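Please open the structure in a viewer and keep the selection tool at hand.

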Amino acid sequence: MLGLDIIMCTFSVLSVAARADFKARNCSEVREACVGKGFSFAHVPIQEIPGEHLRVCPQGSTCCTQEMEDKFGQQSKQDFENLVDEMSHELRSTFVSRHERFDEFFLELLENTQRSLNEMFVRTYGKPYMQNSEVFENLFAELKRYYMGGNVNLEEMLNDFWSRLLERMFTLLNSQYVITEDYLECISKYTDQLKPFGDVPRKLKAQVTRAFIAARTFVQGLSVGREVAQRVSKVSSTPACIRALTKMLYCPFCQGMPALKSCRNYCLNVVKGCLANQADLDPEWNLYIGRDFNVKVET
């Protein structure tokens, strides 16, 4: 009788376990979770079914149909790409706003400088200056063109400015004579020896060159950063990435555990795999940020 009691007890335990297992395989939680996430499936199993049809999630007993798994894959791709775009939005916005603010500030500074200089020279020199003001207008036009990315050699442009200014001033101060082009060209050749403007051209050239090179480098750096951030934010998920994301995000649905969350390390590994190409940019990006910051500090 003892053996029969043991058999009956074992049978009772197995029956209870079977009933508990049957209850765990109910897919009602999965149905509710799918509705909560906005999924619309033609059919969601009431109870787990054989999963031989699955291609990504485990093929044991499952709460997923083929349609569900396919849509989970599509949603995984969309979720990830939206997340990357959202996370990089602030970075892109920062580059755009900084670029606009600095560009507006520098161009306004250049315009104010030109206007102040023009007003001062008009008051000081009057008509003689006004008749030759295009020399200064051309200077500021070339400086602006350089800042905007134009093909301008600052040193040559500044040298040319001082040469033309010398020619105009020499002609004005010697208006009683007939000054030929050859004579003016001869004077320009000996500008370095004569130094009619003292040490001003050398000092101004150093200051202008340093300021405008730094400004153009900085604003171009902001523009490049914005473009890189924009391109990187548009992730093109590979099939392997989509499979990994689906396994992590939605395969728990198929296993009847929609509330199950992935551990941090697992999540990081999947994301790193999906961003493998972008991750290769990390050293170069850090170097770029360092250079950009140094230029900003120096300016």
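Axes are lines fitted to C-alpha atoms, for helices over the stretch in contact, and angles run from 0 to 180 degrees between N-to-C directions. Helices (H or I, at least four residues) and strands (E, at least two) are DSSP runs, numbered from the N terminus. The model is predicted, with local features requiring pLDDT of at least 70 and side-chain atom pairs pLDDT 80 or more, while totals for chains, interfaces and linings use all residues. Residues are numbered from 1 along each chain as its sequence is written, and side-chain values use heavy atoms, without hydrogens or water.

**The whole chain**

Of its 299 residues, 31% count as buried; buried means under 20% relative accessible area, exposed over 50%, and partly exposed in between (1.4 Å probe, protein chains only). A contact means heavy atoms within 4.5 Å. Among contacts in the chain with a separation of 6 or more, 69% join residues 24 or more positions apart.

**Helices α10 and α12**

Select residues 239-249, helix α10, and residues 264-274, helix α12: their axes come within 9 Å and cross at roughly 160°. Angles under 35 degrees count as roughly parallel, over 145 as roughly antiparallel, 65 to 115 as roughly perpendicular and the rest as oblique. The pair α10 and α12 is therefore roughly antiparallel. Next, show the side chains in the contact: C241, A244, L245, K247 and M248 of α10, with Y266, C267, V270 and C274 of α12. This contact of α10 with α12 comprises eight nonpolar, no polar and one charged residues. In this classification, Ala, Val, Leu, Ile, Met, Phe, Trp, Tyr, Cys and Pro are nonpolar, Asp, Glu, Lys and Arg are charged, and the others, Gly among them, are polar.

**Helices α3 and α10**

On α3, select F72, G73, S76, K77 and F80, and on α10, C241, I242, L245, T246 and L249, which make the contact.

**Helices α3 and α5**

How closely do the axes of α3 and α5 approach? They come within 11 Å and cross at roughly 170°, and the two helices are therefore roughly antiparallel. Residues of α3, including F102, F106, L110 and F121, meet residues of α5, including F136, F140 and Y147. The contact of α3 with α5 has nine nonpolar, two polar and three charged residues.

**The largest nonpolar core**

A nonpolar core is a set of buried Ala, Val, Leu, Ile, Met, Phe, Trp, Tyr and Cys residues joined through side-chain atoms within 4.5 Å. Select L143 and F212, which touch the most other members of the largest core, a set of 30 residues. Helices α3 (66-125), α5 (134-147), α6 (154-173) and α9 (200-233) each supply at least two residues of this core. Leaving aside residues up to four places away in sequence, F212 touches F106, L110, L143, Y146, Y147 and L154. Apart from this core lies another, of 17 residues, among them C34, F41, C63 and C64.

Finally, select A206 in helix α9; A206 is partly exposed, at 39% relative accessibility. Its C-alpha atom is separated by 9.1 Å from that of E155, 51 residues away along the chain. Q230 also lies in α9 and is partly exposed, with a relative accessible area of 36%. From Q230 to H89 the C-alpha distance is 8.5 Å, across 141 residues of sequence.
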